[in-house]
Amino acid sequence: MSQIVKMQGMNKYFGKLHVLKDINLTVETGEVVVIIGASGSGKSTLIRCVNGLEGFESGKLEVDGHPLEPSRSNQKSLNEIRKEVGMVFQQFNLFPHLTVKKNIMLAPMKVKNESQVVANGTAERLLQRVGIADQANKYPSHLSGGQQQRVAIARALAMEPRLMLFDEPTSALDPEMIGEVLDVMRELAKEGMTMMVVTHEMGFAREVADRVIYIHEGQIVEEGKPEDVFDNPQNERTQSFLSRVLKH
């Protein structure tokens with residue numbers, strides 16, 4: 001297996017706030033890495049650095065063979081990475097004036113120069129894949145939150161990414177809609193998609209992850225197989241965090 005993400009001694013600041021501290025992390029092709037931790041611990045910032053949405057101040061970051069420089073100065077690498085890395089956010093970020101299908105068609109046509117016919121076929125196939133083929137011609141405002149998030153996943157998949165990033169994709173959803181989005185993500189994991197997932201869904205993390213990373217105040221303090229991290233955490237901070245979240 002090859003390493004698709006390599007972070008070495010990576011540091012990130014927001015002003016004087018040291019948000020990520022000497023992060024060393026690799027992700028293998030085909031691996032599902034789930035990142036957990038308290039709100040404000042740096043989880044989302046970490047994966048936003050992977051596709052260049054956030055810069056970093058020092059250290060090294062390489063994504064699928066493309067080095068990213070501190071302060072995002074290497075625009076060529078950044079452009080290549082964004083073609084190969086899909087991202088799904090907490091908010092769905094769909095274009096409200098476009099139908100579901102056209103939301104998905106947009107990036108392949110603009111970025112990959114696909115014809116309208118090919119992009120249309122891609123959108124129809126992906127809507128089938130995420131279970132909402134019957135919603136193709138509706139507008140986002142006519143869909144439930146869970147359906148909108150599945151459209152967002154389909155839109156990211158339309159670029160045929162080698163890596164998918166998920167930034168708390170269920171946090172904005174009502175409880176009854178969370179399962180339908182997690183089901184799509186489970187299927188992606190089974191199909192071998194490389195994934196980095198920030199989530200508070202501990203049951204999902206235990207079930208799907210190949211490796212769980214626990215971040216505390218910008219540092220990776222524990223990582224390992226799900227059964228090791230959840231059932232036998234070694235760091236007292238991990239123990240404290242899990243004792244709180246697993247009670248609920």
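Student: How many salt bridges does the count come to by this rule?

Tutor: A salt bridge is a side-chain nitrogen of Lys or Arg within 4 Å of a carboxyl oxygen of Asp or Glu, and by this rule the count comes to 17 salt bridges. Please keep in mind that this is a predicted model, in which local features need pLDDT of at least 70 and side-chain atom pairs count only at pLDDT 80 or more, while totals for chains, interfaces and linings use all residues. Residues are numbered from 1 along each chain as its sequence is written, and side-chain values use heavy atoms, with hydrogens and water left out.

Student: Is K190 buried or exposed?

Tutor: Buried means under 20% relative accessible area, exposed over 50%, and partly exposed in between (1.4 Å probe, protein chains only). K190 is exposed, because its relative accessible area is 66%, whereas its salt-bridge partner E187 is partly exposed at 39%. The closest N and O atoms of K190 and E187 are 3.6 Å apart, and the two residues are separated by about one helical turn, because they are 3 residues apart in helix α6.

Student: Into which domains is the chain divided?

Tutor: Domain bounds come from an automatic or database domain assignment, which here gives domain 1 (1-40 + 47-79 + 162-198 + 209-247) and domain 2 (93-160). Contact means heavy atoms within 4.5 Å, and the contact takes 13 residues from domain 1 and 12 residues from domain 2.

Student: What is the area buried between domain 1 and domain 2?

Tutor: Buried area is the accessible area (1.4 Å probe) that two parts lose on being put together, summed over both. Between domain 1 and domain 2 it is about 960 Å², of which carbon and sulfur atoms give 70%. In domain 1, M164, E180 and V184 lose the most area to domain 2, together 40% of what that side buries.

Student: How many salt bridges are counted between domain 1 and domain 2?

Tutor: The count there is 2 salt bridges. Elsewhere in the list of pairs, R129 forms a salt bridge with E191, with the closest N and O atoms 2.3 Å apart.

Terms used. Helices (H or I, at least four residues) and strands (E, at least two) are DSSP runs, numbered from the N terminus.
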